[in-house]
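Good morning, and thank you for coming. Please look at the sequence and the structure as I put them on the screen.

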Amino acid sequence: MANAVSPPQARSVAGAISLRGVGKVYDPDGLATVAVDDWTLEIANGEFVVVVGPSGCGKTTLLNGIAGFDPITRGEIVLDGETIASPSRSKRPGSDRIVVFQNGSLFPWKTVVDNVAYGPVVQRRMSRGQALQEARTLLERVGLGDVADAYPRKLSSGVQRRVEMMRALINDPKVLLLDEPFRALDAIARSVMHDELLKLYDATKKTVFFITHDLDEAIFLADRVVVSTSRPARVKRVLPIDLPRPRTHLIIASPEFLALKRQIADAVHEEAEKAFRLGEPELA
Amino acid sequence: MSAEAIESSFGRRTSRAPGPRRIGRPSVNIHTLRGIAGIAAFVAVWQLGATFHVWVLAKVPTPVDVATAAWRLLHDPRYYIDWLISFKRVFLGFIIAQLLGIPLGLFMGWKTAFRELTFPVLEVLRPIPPLAWVPLSILFWPTPESSIIFVLFLGAFFTVLINTVAGVRAIDERYIRAAVSLGATPATVFRRIILPGALPSIGTGMAVGIGITWEVLVAAEIIAGRNGLGYMTWEAYVAGAIPTIIVGMISIGIAGYLSSMLVRAIVARSMPWTRRA
């Protein structure tokens, strides 16, 4: 069932990413720090890929490379045949690949509906009125209509993340880049968010590139889990997750789930120990 | 997430609790009563001290003397004109300071090269007290009025500038990245992220700045003025009318308090998202 191509309800059907020997060397003070080294992975259109690895191993560096926040220093990143990042070229960040951040980045000075309408307005795809209308409709459809006029600060972290996901999805991106988006949530809120995210994923079949160090989260969500090595980050192991979709939170206690977890835990633990022994400070 | 969960996470804010921090709409409650009690106690101690010649209060006129002087002034149209003139000067200087300080601060916070270029100059100018500028500004500005406004302007300018720069620099990189990721151009980021993101800090600068402007006023009017509350106070000293000096001082205090209230209300109004409901 992994990589199952279901009829996409989304307008754009693209979103295949090739990461080809991607590397990143930070060299601010002449002391080269290799954050990512020769990272290679083919991500199919509509695939849900989760990258796990020890904290600070360079996963975010990789995501920043795809997003266009930070240039890479070797290899190339190709999105639907277009090179979006290489040492010589770095396509501006844009709404084809939207990031949802660790601690949330809803603009506190805008109401929920204004936040969601932000993309279409700044891209001048719609008039402000149209964008607000569309945002409101979208929020109502996912059960967030009641909070449309609230400021983010007044909402729980879980609701904030859901809104943030809507703010991304309204732009019909090719790829969603999620950088530990549920890190700040407690375990229960997180499991609710997982169900919610999978519902959205099943409905839109966007390509998702998701970073975490929570193994349950990784297995529960992914089509494939990629274990990244401790710094410098390399692909250590790729595990297809053949659990059928739609998934419910009950599968995390199933024998298949636990078997997968054992394999991944093994690989991750090895890397975590390596990182621990080196004792290097984490990168962002 | 179930509808119930949404309800519960949202339920908190649907009932708008009557916040104690409603600016500009005082109601008679325990907080107001305490404030009144404080003022009454202050006046009582003053009255007793002045009546029984206690220590430094021996030469201070009693509140009754001051109230008598105030009553006389309240029937003098010049007193109201002094209020108006001082308010006009303070707000003129203050507003010019905002008009120049906020854009300059935003730009300094945003562009590192520009900040590095301008910061040292401003850091040397900043500690110079506005009063030290008075002689020079009298020489260089064509009218006494313009030199007063200039000195008042300086009082508020550096405060709002520093706060604006700090506000921009404190904006979380995530917001900028999120905006760019959603398709914002640099100009849009400036207008829609940098400006609102720095607003809370700008508001603090404004609230502090208006206070400083009033502090500077008296000295500016003494040196270069022919009217205004500051000049009135000074004139009373020259005439030996001690109760009138105190009326002048209290007038300035009240004027400053009213101005800060006004500025804080405007600031709070422009940032509805910081309101605690």
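Predicted model: local features only at pLDDT ≥ 70, side-chain atom pairs only at ≥ 80, totals over all residues.

What percentage of the contacts in chain B with a separation of 6 or more is accounted for by residues 24 or more positions apart? The figure is 73%, where two residues are in contact if their C-beta atoms, placed from the backbone, lie within 7 Å.

Residues are numbered from 1 along each chain as its sequence is written, while chains are lettered from A and ligands numbered from 1 in the order in which they are written.

Let me continue with chain B. Its secondary structure comes to eleven helices and zero strands; here helices (H or I, at least four residues) and strands (E, at least two) are DSSP runs, numbered from the N terminus. Of the 277 residues of chain B, 34% count as buried. A residue is buried if 20 or more other C-beta atoms lie within 10 Å of its own, exposed if 12 or fewer, and partly exposed in between, with C-beta atoms placed from the backbone.

Consider now one pair of helices in chain B. The axes of α9(B) and helix α10 (residues 229-239) of chain B are 7 Å apart, and the two pack at an angle of about 65°. Axes are lines fitted to C-alpha atoms, for helices over the stretch in contact, and angles run from 0 to 180 degrees between N-to-C directions. From α9(B), the contact is made by B:Leu217, B:Val218, B:Ala220, B:Glu221 and B:Ile222, and from α10(B) by B:Gly230, B:Tyr231, B:Thr233 and B:Trp234. By class, this contact has six nonpolar, two polar and one charged residues. Ala, Val, Leu, Ile, Met, Phe, Trp, Tyr, Cys and Pro count as nonpolar, Asp, Glu, Lys and Arg as charged, and the others, Gly among them, as polar.

In the loop between α9 and α10 of chain B lies B:Gly228. Is B:Gly228 buried or exposed? B:Gly228 is buried, because 27 other C-beta atoms lie within 10 Å. Its contacts, not counting residues up to four places away in sequence, are B:Asp82, B:Ile85, B:Ser86, B:Arg89 and B:Glu221. The C-alpha atoms of B:Gly228 and B:Leu84 are separated by 7.7 Å, although the two residues are 144 residues apart along the chain.

I turn to chain A. Chain A is divided into domain 1 (1-11 + 20-27 + 36-96 + 174-284) and domain 2 (108-172), with bounds that come from an automatic or database domain assignment. Taken over C-alpha atoms, the centres of the two domains are separated by 25 Å. At their contact, 14 residues of domain 1 meet eleven residues of domain 2. Helix α5 (residues 187-204) of chain A gives the most to the domain 1 side, with six residues. That side divides into ten nonpolar, two polar and two charged residues.

How do the two chains meet? The contact takes 33 residues from chain A and 20 residues from chain B. On the chain B side, α1 (3-14), α8 (173-181) and α9 (186-224) each supply at least two residues.

The largest nonpolar core has 133 residues, and A:Val49, A:Val50, A:Val116, A:Leu177, A:Phe209 and A:Val225 touch the most other members. Such a core is a set of buried Ala, Val, Leu, Ile, Met, Phe, Trp, Tyr and Cys residues joined through C-beta atoms within 7 Å. The largest share, 15 residues, comes from α9(B). Domain 1 and domain 2 of chain A both give residues to this core, so the core lies between them.

Finally, some backbone details of chain A. Most residues other than glycine have a negative phi, and most peptide bonds are trans. A:Asp80, however, has a positive phi of about 50°, and A:Asp80 lies in the loop between β4 (74-79) and β5 (82-86). A:Asp80 is partly exposed, because 17 other C-beta atoms lie within 10 Å. A:Glu180 also has a positive phi, near 40°, but A:Glu180 counts as buried, with 20 C-beta neighbours inside 10 Å. A cis peptide bond, with omega about -5°, joins A:Arg245 and A:Pro246. Thank you for your attention.
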